[in-house]
Amino acid sequence: MADPGKRTPTGSVAAAAAALWWIIATASAAHAAERYAIDTPAPVSMLLNVGNSVFAVLRDGTTYRLRRCEARVVCLAPAQVSGLPPKAPHGGLPDGRIASASSGDIRQAWYGRPTTRYGHAVLGDGIEAGSLVARDAVGQLHELVLPDTHVFEDITPRIADLDGDGRNEIVTIRSSLKRGGAIAVYGLRDGVLELLDASAEIGRSRRWLNVAGIASYHGAGRPVVAWVETPHIGGTLKLATFENGKLKRFGSNRSGFSNHFIGSREQQLSATGDFTRDGRLDLALPGADRRSLVIVSTGAVTRTRLPGRVATALSNVGGAIVTADDNGTLLAVIP
């Protein structure tokens with residue numbers, strides 16, 4: 001049996017470019033990353049990010065908690081998966097979960113009214129959501145029902161106070177049956193759950209986008225919503241803040257990213273952390289072919305080739321970016 005957590009150096013490939021603000025380009029190598037293959041008793045089938053914990057589920061059904069360690073980069077300890085968000089209640093998406101917040105006016109959110117009216121099935125099962133449900137701080141439920149022209153092409157919504165006003169917003173992926181996906185932001189206003197703003201729809205049916213992260217990237221001082229538009233066809237990384245009730249795009253559109261593959265229920269093919277150790281948050285996600293890992297930081301982009309395609313969630317394990325490829329090999333990348 002392989003020693004759980006044993007590391008095997010596999011080399012590194014890097015490319016970086018000078019940048020002022022999230023400039024993503026290809027240039028001469030200046031920032032390197034180390035890549036390791038971590039031995040596991042069986043191939044890895046999935047990684048689960050649960051709060052501050054990361055679990056690996058192996059193909060033989062065993063589960064391990066991952067932690068950073070000096071001798072092996074990442075060590076595995078047998079553990080049962082715990083702390084997963086509760087499943088959406090009756091009437092919600094079949095495998096949707098409840099997003100939660102510990103403060104603010106909106107404390108929980110989930111998707112309801114399952115529907116098959118779109119037929120895109122980019123997330124595998126062809127069942128999307130027809131409504132968004134929120135529970136406020138006093139326990140009252142609020143529901144926003146979409147018209148038949150739209151669905152939420154998503155699994156679990158995200159709650160964040162995007163503008164720092166003490167009221168929470170809900171970030172969703174909403175799709176038009178005719179014009180494709182968009183980022184849509186909802187909030188409570190005068191006791192009513194309503195649409196606050198949305199990004200431009202992609203422009204044609206069956207074109208989708210996936211949220212990559214919501215964090216104060218580049219020391220922005222406020223949450224930034226990052227997403228990859230059309231992650232299956234040369235995906236474009238886009239960024240926006242939420243100011244004065246509106247999504248405000250910034251930066252240049254740069255293509256060559258992917259944080260999803262068609263038919264997968266896994267939407268977390270990205271990770272956030274101070275991977276470059278400069279005190280500012282970075283975003284890690286696969287390249288367009290999922291055979292490389294790209295770290296987008298304040299001053300440069302690091303691109304590391306992988307032995308296979310990224311096939312599981314990306315996880316931040318003590319500053320190491322951990323994922324598994326389509327061979328089930330657990331990989332750790334350290335900038």
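The accessible surface of the protein chain comes to about 14000 Å², and carbon and sulfur atoms own 49% of that. Such areas come from the Shrake-Rupley method with a 1.4 Å probe, and for residues only the protein chains shown count as cover. Keep in mind that this is a predicted model: local features need pLDDT of at least 70, side-chain atom pairs count only at pLDDT 80 or more, and totals for chains, interfaces and linings use all residues. Residues are numbered from 1 along each chain as its sequence is written, and side-chain values use heavy atoms, with hydrogens and water left out.

**The whole chain**

How many helices and strands are there in the protein chain? There are zero helices and 26 strands. Both kinds of element are DSSP runs numbered from the N terminus (helices: H or I, at least four residues; strands: E, at least two). Of the 335 residues, 51% count as buried. Buried means under 20% relative accessible area, exposed means over 50%, and partly exposed is in between (1.4 Å probe, protein chains only). Now take the contacts in the chain with a separation of 6 or more: residues 24 or more positions apart account for 51% of them. A contact here means heavy atoms within 4.5 Å.

Strands of a sheet pair through backbone hydrogen bonds, either parallel or antiparallel. Two strands pair if DSSP finds at least two bridges between them. Here are two of the pairings:

| Strands | Sense | Bridges |
|---|---|---|
| β17 (residues 224-229) and β18 | antiparallel | five bridges |
| β18 (residues 235-243) and β19 (residues 246-257) | antiparallel | eight bridges |

On one side of β18, A226 stands opposite L239. As for β19, K248 is the bridge partner of T241. β18 and β19 form a hairpin with two residues between them, and N244 in the turn has a positive phi of about 50 degrees.

K238 also sits in strand β18. Is K238 buried or exposed? It's buried, with a relative accessible area of 12%. Its side chain makes a polar contact of 3.2 Å with the side chain of E229. That term means a pair of N or O atoms within 3.5 Å; within protein, one must be able to donate a hydrogen and the other to accept it, and residues adjacent in sequence count only if both atoms are side-chain atoms. Leaving aside neighbours within four places in sequence, K238 is in contact with V225, A226, W227, E229, R249 and N253.

**Aromatic rings**

The structure holds two aromatic pairs. The rings of F152 and Y186 have centres 5.7 Å apart and planes at 70 degrees, so this pair is edge-to-face. Rings of Phe, Tyr and Trp (its six-membered ring) pair if their centres lie within 6.5 Å; planes under 30 degrees apart count as stacked, over 60 as edge-to-face and the rest as tilted. F152 lies in strand β11 (residues 150-152) and Y186 in strand β14 (residues 180-189), so the pair ties together parts that are 34 residues apart in sequence. F152 and Y186 are both buried. Ring pairs link Y111, F152 and Y186 into a cluster.
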